[in-house]
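Me: I am new to this structure, and I would like to understand how its descriptions are reached. Could we go through a few of them together?

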Amino acid sequence: MIHWLKKHVTRDLIRPTVYKVFTRGVLALFAAELVHFFAPATFRPAMFSNLALILGALFLLGVLIAWLRLDGMRIPQFKLPRIKRKDPPFLTGDMADHLDDEIVHFDDLDQEEQNVCVLLTDLILAAVCFLFAVFL
């Protein structure tokens with residue numbers, strides 16, 4: 001597994017993976033808190049540790065699907081329609097230290113790199129959710 005990670009994970013995957021981890025993590029935490037807040041107190045699955053366990057299982061299912069996609073199985077990816085964002089004027093230039101670095105977005109990656117990014121994101125979030133389930 002370590003050799004596979006060294007082979008497939010490149011420096012270009014760091015930024016999209018961090019963005020995906022943050023976005024999916026915040027949305028999952030928000031969904032768990034909504035269920036925890038609105039569900040009755042006697043509803044056992046609405047306890048936050050149980051919700052974290054359910055979210056961890058869902059993220060592990062995402063890891064399995066991303067792994068199957070990397071192995072060649074044709075599973076369609078659910079993508080929401082996105083509007084290309086326009087950078088504000090103060091972000092149009094790069095930092096002086098990183099003039100030669102190209103900013104790589106998730107949409108700029110090829111299909112295999114996108115699947116690796118999704119696999120790593122879901123793996124990280126599954127571990128975080130299972131830690132929340134154990135300690136909270």
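Me: Which residues of H3 are buried?

Reply: In this predicted model, the buried residues of H3 are Phe48, Ser49, Leu51, Ala52, Leu55, Gly56, Phe59, Gly62, Val63, Ala66 and Arg69. These buried residues pack against two helices, namely H2 (14-38) and H4 (111-135).

Me: How do you know what span to expect of helix H3, and what does the helix reach?

Reply: Helix H3 covers residues 48-70, which makes 23 residues, and at 1.5 Å a residue the expected span is 33 Å. From its first C-alpha to its last the helix reaches 33 Å, close to that expectation. After H3 comes Gly72, whose phi is positive, near 115°.

Me: Why is Asp122 called buried?

Reply: Asp122, which is found in helix H4, has a relative accessibility of 4%, and buried means under 20%, so Asp122 counts as buried. Leaving aside residues up to four places away in sequence, Asp122 touches Arg24, Phe59, Gly62 and Val63.

Me: What makes Leu29 partly exposed?

Reply: Leu29 lies in helix H2 and has a relative accessible area of 39%. Because partly exposed is the range between the buried limit of 20% and the exposed limit of 50%, Leu29 is called partly exposed.

Me: Which residues form the nonpolar patch on the surface together with Leu29?

Reply: The patch is formed by Leu29, Ile124, Val128, Phe132 and Leu136, which together have about 420 Å² of accessible area. Helix H4 gives the most to this patch, with 3 residues.

Definitions and conventions:
Residues are numbered from 1 along each chain as its sequence is written. This is a predicted model: local features need pLDDT of at least 70, side-chain atom pairs count only at pLDDT 80 or more; totals for chains, interfaces and linings use all residues. Side-chain values use heavy atoms; hydrogens and water are left out. Helices (H or I, at least four residues) and strands (E, at least two) are DSSP runs, numbered from the N terminus. The expected span of a helix is 1.5 Å times one less than its number of residues. Buried means under 20% relative accessible area, exposed over 50%, partly exposed in between (1.4 Å probe, protein chains only). Contact means heavy atoms within 4.5 Å. Patches are made of residues with over 30% relative accessible area and no salt bridge: like charges are joined within 9 Å, nonpolar side chains (Val, Leu, Ile, Met, Phe, Trp, Tyr) within 5 Å. Accessible areas come from the Shrake-Rupley method with a 1.4 Å probe; for residues, only the protein chains shown count as cover. A salt bridge is a side-chain nitrogen of Lys or Arg within 4 Å of a carboxyl oxygen of Asp or Glu.
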